[in-house]
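Please examine the sequence and the model shown below before reading on.

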Amino acid sequence: MYRSQKLAIKYMVAAISLFGVMTLAGLLSAYYYINPDFLFGILHFNIAKILHIDTLVIWLLMGFMGAIYWFLPDELGREPIGIWLAEILFYVFCAAVVVVAVVFVVVQYGGSDQAGLWLVNQGRKYVEAPRWAASGVVVVMVVFAFNVIATAISTRRATGIIAVLMIDLIPLVVLYLDAFPAITNMSHDLFWWWWLVHLWVEATWEVLIGCIMAFTLMQVLGTSRRIVETWLYIEVALVLGTGILGLGHHYFWIGTPDYWLGIGGFFSALEPLPLLGMIIHAIYDAGTHHMKTTNRPALYWMMAEAFGNFLGGGVWGFMITLPQINMYAHGTQWTVSHGHFAFWGAYGCGVIAVAYLMVQKARALPQVDGQLWKWSFAGLNLGLVAMVGALLVAGITQSMIERATGGSTLQAYIAGQESPWFSEAMILRFVFGLVFSAGYALLVYDLARLGRRRTVAQQTALAT
Amino acid sequence: MRFDEPAFWRAGAISTIFVMLCVLVMLTVDSLSAIATGGSHVPPYTVVNKHIDYVYDAARGIDVPVIGAAQPLFGHMLDDRTAAAMMDKGKLVIQSRACLDCHTIYGNGAYYGPDLTKAWLDPSWEAWQSITGTSTREDAMVKFLMDPVQYRTWTRTMPNLNLSEEEARAVVAYLKWTAAVDTNGFPANFGHVHTDQ
Amino acid sequence: MTSIHLLETALLLGVYVLLAGLYGLSYGIDRFRHRRWTQFAARAFYALHCAAAVSAIVWTPLYPGWKLLLVASSAAIFFIPRLTWRFLERTHTGEVHS
């Protein structure tokens, strides 16, 4: 096994572990809605939420990095250049994540000065980590990009997938530089912040997961390189063709000119169309291969990716993207419903698929199947869909009562939050969060024990 | 180049991205001037010296901020430098206490607490003046921010984030300024109950 | 927009896209199974999708530009599964499947 692939396994273990932290923090955040006095004066909602959304970003990023470090040496036929540095930085990255999390929980807030931003909490959503840690993330990502780009250049065999990946890594790193500024003018701050957040999760990350799924398809279904490359270029064209100006759907209400209502609404309304194509492609692959593969969980999680992306991003997104609706739905639990579904469908399912693939290859398993992955698959997906459904009810209630009827004042906000539709939906959300958590526990157990318990005959067969 | 060849779609991807990026850059340049303080949508920080309202504009079909007569904040008219310094401080407070991990401004943030875009204009502050024993809206807001547990609004209590008086005043000034930004009508019908009849 | 219009419009838009997805799903299944019910399902879902579009145009307070976009999107949606499938078959010619 290449050193890069051993590093990949470490990244994937870290990613799946952080997935657990994210889930716990999510349960805690959800519980505050049911019992607002829980841990009052000790740990508040905003800290739990920071842990939840920041581990979301980091676990997915680590999952992507793990996937790329896994596929890269086979793709380029050699150990990536500078892998020794990446190996060291992995431990530095993990240590930094732990330190940042501990500081969030124990210290929580710094002073309203530069020292607070550098050492404790920057307070900007998804990128709350203090600047010292953000600097570390930049270093890790620059080295990661170097590992990919330098190796591809040195071998002079940048395949189509590698070329797309190389080009994608540059904006991926550059956009993260918006994790640093503290611009006073909120409109200005949010304008650039959305370049980071949207052009990560609705542009560069889409390309990144597209590259990863291309590698995965070649291994799980034996699809030819020519086909996956063709479809990767089509996906990049369609997703970025709609997503770059779809950035405008975040510019409706932040003080920007009103032409963004038309531009952002139009391009984001087009975003479901490529996702429909992705569904067709998934059905074609499923049908031509009769769902036969040596790694059933990986294939099923890839199918979940296609359908989850369409439902979470396409259907749920389209409900709230047109400005006339968004005026009322913006900044409510409706957004939360869409966000959970879209992140899960677009990225969560894909990283889990790769995790199963890596387990198969690392443990030389001729076949990956069983009962346990099915229970995990059911628990995670049903739990997630039910959570999303509960949040949809809460979000619609909030939009109707607080925004459309109540006039968005404090009293209107309270009226929405205290509606039985809202409060009961939040209880259901928590309950299904527990179902999701059970699915996660089964996932961890399955990944950990797959192939570990072999019969004597199997061990003998492997040895010969 | 045939359309079933990868090279065709590679060219398509490159040209599509190039065109979209060019448009994005052009719109960004235009938007940045509109959202600069003093631009078409974002008033200068010294707007906190004025009365701010939020009124329906029939021509645009949305609510828009209306800047009125002089209304000193905390009893003083602020010059450009003082107003800017207060805003810098206010934004740093909002970041350091992670306010937007409970609240939203312009709908961006978290949803555990109310949206603060027009918090300056919220009708509840009238009642909070008598509850906090203050005579102005801004003083009531400062008192609340410095001890939200004592002056709790409802069952979901805002925690005490140990704001100094200087920090609380800076946040209030910041919220008065955000209330004056033209957000294309968000939030709609602020302060007005709108039934379906 | 009243709260009821908000609810109706948003749900209609979600159903509009969902039905497009169901049309695509059943179209794909029909291409493999070639059964009467799969063909019927594909047509029925597309018809329902068009009904959702018409409902949005007639009964919602969306501005005319957005209604026009819905019409154009429905036209595109009709062709997307077909064109995608044809392109998939063309690009997969010569692939050996397990």
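Chain C has 3 helices and 0 strands, where helices (H or I, at least four residues) and strands (E, at least two) are DSSP runs numbered from the N terminus. Read from the N terminus, the elements of chain C follow the order α-α-α. The model is predicted: local features need pLDDT of at least 70, side-chain atom pairs count only at pLDDT 80 or more, and totals for chains, interfaces and linings use all residues. Residues are numbered from 1 along each chain as its sequence is written, while chains are lettered from A and ligands numbered from 1 in the order in which they are written.

Chain C has a radius of gyration of 16 Å, well over the 13 Å that the globule rule gives for 98 residues, so it is more spread out than a compact globule. The radius of gyration is taken over C-alpha atoms, and the globule rule is 2.2 Å times the number of residues to the power 0.38.

Within this chain, helix H2 (residues 36-59) of chain C has 24 residues, which at 1.5 Å a residue should span 34 Å; its end C-alpha atoms are 34 Å apart, which agrees. The expected span of a helix is 1.5 Å times one less than its number of residues. Buried residues of H2(C) include C:Phe45, C:Tyr46 and C:His49. A residue is buried if 20 or more other C-beta atoms lie within 10 Å of its own, exposed if 12 or fewer, and partly exposed in between, with C-beta atoms placed from the backbone. The buried residues of H2(C) pack against helix H1 (3-33) and helix H3 (64-91) of chain C.

Chain A contains 17 helices and 0 strands. Its radius of gyration is 22 Å, close to the 23 Å that the globule rule gives for 464 residues, so chain A is as compact as a globular protein of that length.

| Chain | Box along the principal axes | Buried residues |
|---|---|---|
| Chain C | roughly 55 × 25 × 20 Å | 39% of 98 residues |

In chain A, helix H6 (residues 160-175) and helix H8 (residues 225-246) pack at an angle of about 30°, with their axes 9 Å apart. Axes are lines fitted to C-alpha atoms, for helices over the stretch in contact, and angles run from 0 to 180 degrees between N-to-C directions. H6(A) and H8(A) are therefore roughly parallel to each other, as angles under 35 degrees count as roughly parallel, over 145 as roughly antiparallel, 65 to 115 as roughly perpendicular and the rest as oblique. The contact involves A:Gly160, A:Ile161 and A:Val164 of H6(A), together with A:Glu229, A:Leu232 and A:Val236 of H8(A). Two residues are in contact if their C-beta atoms, placed from the backbone, lie within 7 Å.

A:His290 lies in the loop between helix H10 (272-288) and helix H11 (296-321) of chain A. This residue is exposed, with 10 other C-beta atoms within 10 Å.

Finally, the contact between chains A and B takes 70 residues from chain B and 69 residues from chain A. On the side of chain B that touches chain A, the largest share, 14 residues, comes from H1(B).
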